[in-house]
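Please look through the structure shown here from the whole chain down to single residues. The paragraphs that follow take it in that order.

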Amino acid sequence: MSLNTIERAQGLRVRSQQDLAAGLFMILLAVVALFLASDLPMGSLRQIGPGMLPKAFAVICAGLGALLALSSLRYNGEKLSGWSWRGVIFVLGGAVVFGLTIRGFDLGPIKVPQLGLVVSGPLVVLISGLAADDRKIKELVIFALVMTTFCALLFKYALGLPIPLAPWLLGI
């Protein structure tokens with residue numbers, strides 16, 4: 001009996017639990033994105049509406065998730081294993097801190113002033129960088145400064161977006 005006959009006899013079975021879980025997660029993420037963007041008008045290709053990009057990305061994400069889930073039935077892979085919560089906490093925490101500090105916020109007695117990109121940029125890089133096991137603080141600080149400078153030049157000056165740089169210091 002050849003190997004092909006044995007594999008055909010086993011039928012459809014999951015050979016890569018991680019690929020199946022990742023594919024199903026991508027499909028779920030796409031469904032949530034489509035639901036959240038359902039109120040946005042699509043527009044047309046001549047006049048693109050605000051819902052065109054999120055809906056297109058959601059469809060692409062769902063398609064790639066379906067391909068990944070289907071490939072889990074054909075190709076051998078790893079079993080589903082846990083992941084480190086450290087990465088999730090620090091990366092999401094960095095994004096939340098960036099969002100709260102770039103424009104400032106008031107939450108009852110807690111008032112955080114508008115810090116701008118000069119402070120929020122390095123904060124997000126430093127906090128997110130703590131997720132890595134092999135981090136070096138000196139390299140992380142240099143990367144934070146370079147990325148903040150690049151983002152300020154790109155978004156504020158090249159693209160002309162109304163992102164505050166340092167309103168508490170320079171008023172810009």
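This is a predicted model: local features need pLDDT of at least 70, side-chain atom pairs count only at pLDDT 80 or more; totals for chains, interfaces and linings use all residues.

A residue counts as exposed when its relative accessible area is over 50%, as buried when that value is under 20%, and as partly exposed in between. By this rule Asp133 is exposed, because its relative accessible area is 69%.

The protein chain contains six helices and two strands. Read from the N terminus, the order of the elements is α-α-α-α-β-β-α-α.

The overall dimensions come next. Along its principal axes, the C-alpha trace of the protein chain spans about 75 × 50 × 35 Å. The radius of gyration of the protein chain is 22 Å, whereas a compact globule of 172 residues would have one near 16 Å. Of the 172 residues, 20% count as buried. The accessible surface of the protein chain comes to about 12,300 Å², and carbon and sulfur atoms hold 72% of that surface. Among contacts in the protein chain with a separation of 6 or more, 59% are between residues 24 or more positions apart.

One part of the surface is a nonpolar patch. Phe25, Leu28, Leu29, Val32, Phe35 and Leu36 make up this patch, which covers about 670 Å². Leu36 belongs to helix H2, which runs over residues 17-36. Leu36 counts as exposed because its relative accessibility is 64%.

Charged side chains are the next topic. Side chains of opposite charge can pair when their charged atoms come close. How many salt bridges does the structure hold? The structure holds one salt bridge. In this salt bridge the side chains of Asp133 and Arg86 meet, at 3.3 Å from N to O. Asp133 lies in the loop between helix H5 (117-129) and helix H6 (137-158), while Arg86 lies in helix H4 (residues 85-103), so the pair ties together parts that are 47 residues apart in sequence. Arg86 is partly exposed, because its relative accessible area is 29%, whereas Asp133 is exposed.

Helix H4 also holds Trp85. Is Trp85 buried or exposed? Trp85 counts as exposed, because its relative accessibility is 55%. The C-alpha atoms of Trp85 and Leu153 are separated by 34 Å, and these two residues are 68 residues apart along the chain.

Ala144 lies in helix H6. Ala144 counts as buried because its relative accessibility is 2%. Which residues does Ala144 touch, not counting residues up to four places away in sequence? Ala144 touches Pro122, Val125 and Leu126.

Cys61 counts as buried, because its relative accessibility is 17%. Cys151 is buried too, with a relative accessible area of 19%. A disulfide is taken to be a pair of cysteine sulfur atoms within 2.5 Å, and by this rule the count comes to zero.

Key. Residues are numbered from 1 along each chain as its sequence is written. Side-chain values use heavy atoms; hydrogens and water are left out. Patches are made of residues with over 30% relative accessible area and no salt bridge: like charges are joined within 9 Å, nonpolar side chains (Val, Leu, Ile, Met, Phe, Trp, Tyr) within 5 Å. Accessible areas come from the Shrake-Rupley method with a 1.4 Å probe; for residues, only the protein chains shown count as cover. A salt bridge is a side-chain nitrogen of Lys or Arg within 4 Å of a carboxyl oxygen of Asp or Glu. Helices (H or I, at least four residues) and strands (E, at least two) are DSSP runs, numbered from the N terminus. Buried means under 20% relative accessible area, exposed over 50%, partly exposed in between (1.4 Å probe, protein chains only). The radius of gyration is taken over C-alpha atoms; the globule rule is 2.2 Å times the number of residues to the power 0.38. Contact means heavy atoms within 4.5 Å.
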